[in-house]
Amino acid sequence: MAEYTAKKLVQMLITVLGVITLVFFTLRLIPGDAASAMAGDTLSGEALQALREQMGLDEPLVNQYLGFLRDLVTVDLGETITTRIPIAELLLRALPITLSIALATIVLSILISIPLGTLAAFMAHKGRNWLDNGLTGAAMIIDLMPSFWMALVLLLIFSLGLGWFPASGQLNWSDPWALVLRLALPVIVLSLSQVATLARITRTAVLEVLNEDYVRTARSMGWSELRVLFRHALKNAALPIATVVGLSFGNLLGGTVIVEFIFTIPGVGNLLISGINSRDYQLVQTLIVFYALLFVVINFATDLIYKTLDPRVQF
Amino acid sequence: MNYQAPVKTTLLEVRDLRTQFQTASGTVKAVDGVSFTIERGERLAVVGESGSGKSAMAMSILRLLTHPGRVVGGEILLDGRDISRLSEGQLNTVRGRLVGTVFQDPMSSLDPVMRISRQMIEPIMRNLRLNRDQARAEAIKWLDKVGIPEPERRIEAYPFEMSGGMRQRVMIAMALASRPQLVIADEPTTALDVTIQAQIVEVLKTLTAEAGSAMMFITHDLGLVARFAHKVAVMYAGRIVEFGRVEDIFANPAHPYTQSLLGTIPSTTMLKSERLPQISGLPPDMRHEITGCAFKDRCAAAHDRCLAEAPRLTDRGHEHTAACWTPHGLEQALATGQQHATRLNKPFEPDGSVVVELNALRKQFATSRKMVVRAVNGVNLRVHKGETLGIVGESGCGKSTVARMLLGLERPTSGDIFIAGLAQMVFQDPAASFNPKMTIGDIVAEPLVVKSRGSKAERLDTVKRLISQVGLDPAFVERYPHQLSGGQRQRVAVARALALNPSVVVADEPTSALDVSVRAQIINLLVDLKEELGISFVFISHDLLTVRYISDRIAVMYLGEVVEYGAAEEVFADPRHPYTRALIDAVPVPDPVVESRRAATPLQGELPSPLNLPKGCAFASRCPMATDRCRAEKPALPDHDLSRQVACHYAH
Amino acid sequence: MTDITLTTTSAPKTGPFAILLAASRHPLLSHAKVRLALLILIPILVLTILAPVLPIQKPLETNLRAMMQFPSIEHVFGTDKMGRDIFSRTLAGVQISLLVGFSVASIALTFGMVLGTLAGFYGGWLDRAIMTVVDIFLAFPSLLLAIGLVSVMGTGIVPVIFAISLADVPRFIRLQRSQVLSLRSRAFIDAARTVDASQYWLMTRHIVPNTIAPMLVAASIAAANAILVEASLSFLGLGIMPPQPSLGNIVRDGQTYLEQAWWISTLPGVVILLIAIGLHFLSDGVRELLDPRSH
């Protein structure tokens, strides 16, 4: 296990380095340079030059790159261009919000999708397909809905129409119930598409495992169908499910940007959009690297979980 | 074999069992009215080809079929109690406790993410009402009984840490540990090598006899039937067509299907000049209603009544029944076995010219951890013009690697290969060896196109000629591979191999993916072509009887080396290397009389890892007569030119 | 020569009618899912193409006397705050959507096929180089990669297509490579190698033809996905910028007036959903038709 972890860790570090490098060089591809793009037509030659120096754009490319790396390693993320607030501080303020939404979504969607998918597979295995067909159909529609549109429709119905949830307003951490109501719709929107993905993969994985020879072996030993389902089928089906949970985290991160925007939640996603709108490349590049790191770490964790679930995994 | 059942009481009685599969393209009557009985302690073999309903029948007894399969009728009396009427919950007290099951594929029949201990101990606790420690001791005892070395340690292993043979032993231990009255074994050795198969059969036979359990053994291998069954049920198209004691079935088969099936297996004494009897055609499509006898289209003795009315099982004396309108089946054609059609008697006469020569051929594969697998470890072989060389050995012995090097698909690590002319290949799996997007015509023409032989029209002519040469209708050129049966595809593979007039054709297990009744067709085709065209063949197989029949010379391989070489009949009649002897002993012969005379000591152990080969004789670890000299000093194969070579210090 | 057989009963053998008739008997069209897909996609496509000649207000035309009107015969999807016709704007947006979907699918397919085939077939350093880059791209959540790229390249249709493609190409490379790897060890490749077939022959005759069907299926899914991503980017204000209408920015415009004029945001979204469902059924149907097991 230690050797496996070490190997995966090295792989992860290589990917992270690649990610950082890619982001760095993509930014240098901006026509002109980041400073002039950022300034638009507002700055004169001298002021522009000052901005360049401030951003370190006058230094040789290699030094810029090494400096970028050093800053990331020492978590010296710099300041926003317009408001002069340390980026690290902004990130620390926004991160708990985004992570709460993401975590709540993951927990909620796993709690719904795994029993649902398992039940659908179990029934389909016995030739009763109605739940399976219904689930597959609903999952398909949800998957194909643009999530911003789904969010607006839910907002229209449940906030503006029925008034169950607040559509905007401050996040109040001291009043948990208000917080739950405030974040409920965003989490529901994200969970719907997560459930669509996870319930479908659970259904497929369990159905496949139920047709495996070792399930028949367990049945031939006289174990009841439910025991076989829980002891053998779910344990084996957990492997593909774990992989997909890890991968769908990427979609979830993308989704948080959209729901934060719609529900005006001051998370990392809104920070990113405001960064783009104010052409603050320093902020944007930091956040994009941050998102990628988060995703890479989640995938690393998935690999480790997979390894503990499946004794066969070598490398 | 004089079998006397100890006490004649019926354990299992199946009456008019019917099982159907509801599919989109119709109802498949997989089991269509099967009745039979098994006495206590009796071993019944159920024989049939794929699609005959034998497995569906076995799975129906414990209702282990999954949707869309369903038992639609019949009674299953176990010890007088009708278990077909039991609820799932009640049936679970029968499954695993009164009836144990061993399945076909040991690689997939154990839960891959669970240790053996967990899979074994809990059923024992439940069935024998033992506590965990007692159950564990019991499990270890059974693992030891089925021949698992170091059972205390191995019980904590995961299935993937064991070989197929070992996993099947675990399955048997699991099935037997609860002392069931009946063991259902569904093709338990099909996926295993011949020496391992012999071990597994022996374990099953001994342990069920010891416990007094009856056994139902599903197989397509008539040799295995002869080896250990008391009674035989032959199934065809969902019904039992013949049932009786094993001696009677083999000595006096009454149903044309049984008779033909027995004929398709080359016997140990069969001459090459005799043509292998073959069953023409294919089994019926079970999705359609069958009128009359299901075997009528493939039966030489079929008459009007067979077309109209399905025969029922009728008494043929002495617990022997058969479902055929004729009294003795195909009696004229196959009565004695002496009337096999003979070929033009053209015995093999080497003209001395060598077509293939392998000198000190070696192939090593580097595995990830800086270890080297010596797949082929110094092989010298010659194939003369018009000669068939058979290569036999267990899986992992390097026989397929030799073939791949011969064809240039792998580069030898050292040594050299000489081929006069061109080598072509017929592959094992007829499903994978064709590009599914190409027509049969394009497939057979491919070698010609690649080598730019002839114009398009000339190539089409050649392709059509080749396709009729292998016994297919030239109209097949426009079909796609998936529209052909396995046997037809293998014929196409032969046609493709012949397209460039090769001097040698390498056939790697060309019949092992085919049904028994179709195998003989392909074997006959290969022999005919050899005689017609004077091509040399290298025939690689684990099926020793077929190799003996088809080959002029045989090379026996073990761990990447040739351990014995000689004329086919000689090697079989007088094997000199202990490994050859063990291999031949392991081959089940479809003759209960021969089988009952055989000493029941199969070759012990499994193929050692080719990662670190021993210094001395590679076979020493499994050899019954190995000495210190064998372990220290490697016996060399004597010179090339000898017609008989044996790599053993103690060969006579 | 007047060797013409006149049969009054049989349909004419040429002409558009006969061609349509013959086409309708093609196995592709007899498949229920494909039919459903075409039933959804063809009307949308026809309306989009005919949009300029339809008797509706032009997408950019404002009408201050008809602001935020409820859907009616005249304005099928209603009007927005500047009195622009939502239906007309939606059709213009569909044009962009289809262009994005088709372009992204083509780009991903082309680069995926070429690079994936090379990586899988030749292996070695080329494979390692391609796959290292692919892995780095796959480390970004795809929507965020697209957001990052448009933030650098700016808004507009070309950057949007480029950004979405760049997120999809690595996935296509990976899919194609894994297909090639599994095909490379198949026995029919060995059979061709025994007659010394060239690498080019193996690739063009045996490998690529067997990879096309699954790649086409992936491409139609990618097209649906690209349409959704473009809409998302435009909705966030990072994709197609007003006044040029796109399905995403129409929804964005309407967001402010959700309470007063819900149709501005919701109806164009229904159209996106319909297009996505159509493409999904198309790919599903094609996959089932191409899968030999389903016969």
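Chain B and chain A bury about 2,600 Å² between them, with 55% of it on carbon and sulfur atoms. Buried area here is the accessible area (1.4 Å probe) that two parts lose on being put together, summed over both. This is a predicted model, in which local features need pLDDT of at least 70, side-chain atom pairs count only at pLDDT 80 or more, and totals for chains, interfaces and linings use all residues. Residues are numbered from 1 along each chain as its sequence is written, chains are lettered from A and ligands numbered from 1 in the order in which they are written, and side-chain values use heavy atoms, leaving out hydrogens and water.

**Two interfaces with chain A**

Let us stay with chains B and A for a moment. Here 28 residues of chain B are in contact (heavy atoms within 4.5 Å) with 29 residues of chain A. Three salt bridges are counted between the two chains, a salt bridge being a side-chain nitrogen of Lys or Arg within 4 Å of a carboxyl oxygen of Asp or Glu. Glu88(B) forms a salt bridge with Arg219(A), and their closest N and O atoms are 2.6 Å apart.

Chain C also meets chain A, with 38 residues from chain C and 40 residues from chain A taking part in the contact. About 3,400 Å² is buried between chain C and chain A, and carbon and sulfur atoms give 85% of that area. On the chain C side, Phe140(C), Leu144(C) and Val152(C) lose the most area to chain A, together 17% of what that side buries. The count of salt bridges between chain C and chain A is zero.

**Chain A as a whole**

Chain A has twelve helices and zero strands. Both kinds of element are DSSP runs numbered from the N terminus: helices are H or I with at least four residues, and strands are E with at least two. Taken along the principal axes, the C-alpha atoms of chain A fill a box of roughly 85 × 55 × 35 Å.

**Helices that pack together**

Axes are lines fitted to C-alpha atoms, for helices over the stretch in contact, and angles run from 0 to 180 degrees between N-to-C directions.

| Helix pair | Axes | Angle |
|---|---|---|
| H1(A), residues 2-28, and H4(A), residues 61-73 | 11 Å apart | about 130° |
| H14(B), residues 440-450, and H15(B), residues 456-469 | within 9 Å | roughly 115° |
| H5(C), residues 124-138, and H7(C), residues 157-184 | within 9 Å | roughly 135° |

The angle of about 130° between H1(A) and H4(A) makes H1(A) oblique to H4(A). Angles under 35 degrees count as roughly parallel, over 145 as roughly antiparallel, 65 to 115 as roughly perpendicular and the rest as oblique. H5(C) and H7(C) are likewise oblique to each other.

A crossing is left-handed if the near helix is turned anticlockwise from the far one by less than a right angle, and right-handed if clockwise. H1(A) passes H4(A) in a right-handed crossing, and the crossing of H14(B) and H15(B) is right-handed. H5(C) passes H7(C) in a left-handed crossing.

Which residues make the contact of H5(C) with H7(C)? Among them are Ile130(C) and Val134(C) of H5(C), and Leu166(C) and Arg174(C) of H7(C). The residues of this contact divide into eight nonpolar, no polar and five charged. Ala, Val, Leu, Ile, Met, Phe, Trp, Tyr, Cys and Pro count as nonpolar, Asp, Glu, Lys and Arg as charged, and the others, Gly among them, as polar.
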